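Please find below my notes on the model. They are set out as numbered points, to be read beside the coordinates.

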Amino acid sequence: MKKVIIIGATSGIGRELARVFVANEYVVGISGRRTDLLNRLKQERPDRYFTKQIDVNDTDSLPAQLNALVNEMEGLDILVNCAGVGHRNDELDFSIDKQIIDTNVVGFTAIIDWAYNYFKKSGGGHIVDITSISGIRGHRFGSFAYSASKSFQIKYLEGLQHKTAKAKLPIYITDICPGFVDTDMIDKKKYFWVTSAEKAASQIFKAITKSRRVVYVTRRWIFIVALIKILPVWIQNRI
């Protein structure tokens with residue numbers, strides 16, 4: 001029976017993805033800051049869920065907490081990082097940007113580094129991270145820090161994939177790049193092609209089981225990404 005840890009499983013994509021893994025007979029470790037939400041999810045399948053309160057911003061204690069969760073589960077095959085924050089910051093309030101960077105850059109890096117070293121030592125595994133379409137190019141919408149943090153994640157995962165491939169390590173890297181998903185992070189009335197967290201989780205699970213390298217959720221976003229990548233700056237500045 002395969003074992004997966006989902007970091008940031010208290011809501012949104014992380015919570016729904018945990019449910020999909022459990023429905024497919026995985027043992028699932030779920031983590032987040034709010035123990036009440038973790039326990040509520042555990043009650044759905046107490047025999048399959050292991051819980052651990054983890055604050056990804058506390059990078060000093062993060063490795064010990066993850067090691068403890070793995071020990072309770074007696075192993076790990078897949079780590080999925082769903083932890084992330086995003087807030088509009090039109091006035092460039094540094095405190096907002098710092099919160100985003102602390103979670104989406106510093107916390108992310110601590111998680112991925114831990115996972116890489118764990119799987120390298122254990123003989124292999126699968127690292128998955130939820131990035132964002134927002135990280136493909138810089139833009140004026142929402143938050144510069146959020147877009148930049150997701151770009152950091154995309155490039156970090158790309159570099160890590162090259163590293164594992166060159167070293168011939170049996171470690172798979174998957175970048176899940178969603179468009180707009182109906183979670184607490186967005187106002188779905190202001191965006192187009194908003195998909196449900198349940199549908200996103202279903203597509204993400206299938207991509208993970210196929211060890212896909214980069215996945216756009218939902219799949220139609222691949223056409224928008226292709227356009228974004230070639231869009232001249234002078235046109236982007238007029239949008």
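1. Isoleucine 6 has contacts, meaning heavy atoms within 4.5 Å, with Gly14, Leu17, Ala18, Phe21, Val28, Gly29, Ile30, Ser31, Val80 and Cys82, leaving aside residues up to four places away in sequence. This is a predicted model, in which local features need pLDDT of at least 70 and side-chain atom pairs count only at pLDDT 80 or more, while totals for chains, interfaces and linings use all residues. Residues are numbered from 1 along each chain as its sequence is written, and side-chain values use heavy atoms, with hydrogens and water left out.

2. Ile6 is also among the residues with the most contacts inside the largest nonpolar core, together with Leu17, Phe21, Val28 and Val80; this core has 31 residues. At least two core residues come from each of strand E1 (3–7), H1, E2, helix H2 (35–42), strand E4 (78–81), strand E5 (125–130), H6 and E9. H6 gives the largest share, 7 residues. A second, separate core has 25 residues, including Ile7, Val56, Leu62 and Phe119. A nonpolar core here is a set of buried Ala, Val, Leu, Ile, Met, Phe, Trp, Tyr and Cys residues joined through side-chain atoms within 4.5 Å. Buried means under 20% relative accessible area, exposed over 50%, and partly exposed in between (1.4 Å probe, protein chains only).

3. How do H1 and H6 cross? Their axes come within 8 Å and cross at roughly 60 degrees. That makes H1 oblique to H6, where angles under 35 degrees count as roughly parallel, over 145 as roughly antiparallel, 65 to 115 as roughly perpendicular and the rest as oblique. The axes are lines fitted to C-alpha atoms, for helices over the stretch in contact, and the angles run from 0 to 180 degrees between N-to-C directions. On the H1 side, Gly12, Ile13, Glu16, Leu17, Val20 and Phe21 meet Ala197, Glu198, Ala201, Ser202, Ile204, Phe205 and Ile208 of H6.

4. Two residues deserve a check of the backbone. Most residues other than glycine have a negative phi. Glutamate 25 has a positive phi, near 70 degrees, and lies in the loop between helix H1 (12–23) and strand E2 (27–32). Its relative accessible area of 42% makes glutamate 25 partly exposed. Serine 211 likewise has a positive phi, near 55 degrees, in the loop between helix H6 (197–209) and strand E9 (214–217). With a relative accessible area of 32%, serine 211 is partly exposed.

5. Is threonine 195 buried or exposed? Threonine 195 counts as buried because its relative accessibility is 7%. It belongs to strand E8 (residues 195–196) and touches Phe180, Val181, Asp182, Ala200 and Thr218, not counting residues up to four places away in sequence.

6. Serine 122 is in helix H4 (residues 94–122) and is partly exposed at 41% relative accessible area. Serine 122 and leucine 76 are 46 residues apart in sequence, with 8.9 Å from C-alpha to C-alpha.

7. For the chain as a whole, there are 8 helices and 9 strands; helices (H or I, at least four residues) and strands (E, at least two) are DSSP runs, numbered from the N terminus. Of its 239 residues, 47% count as buried. Among contacts with a separation of 6 or more, 63% involve residues 24 or more positions apart.
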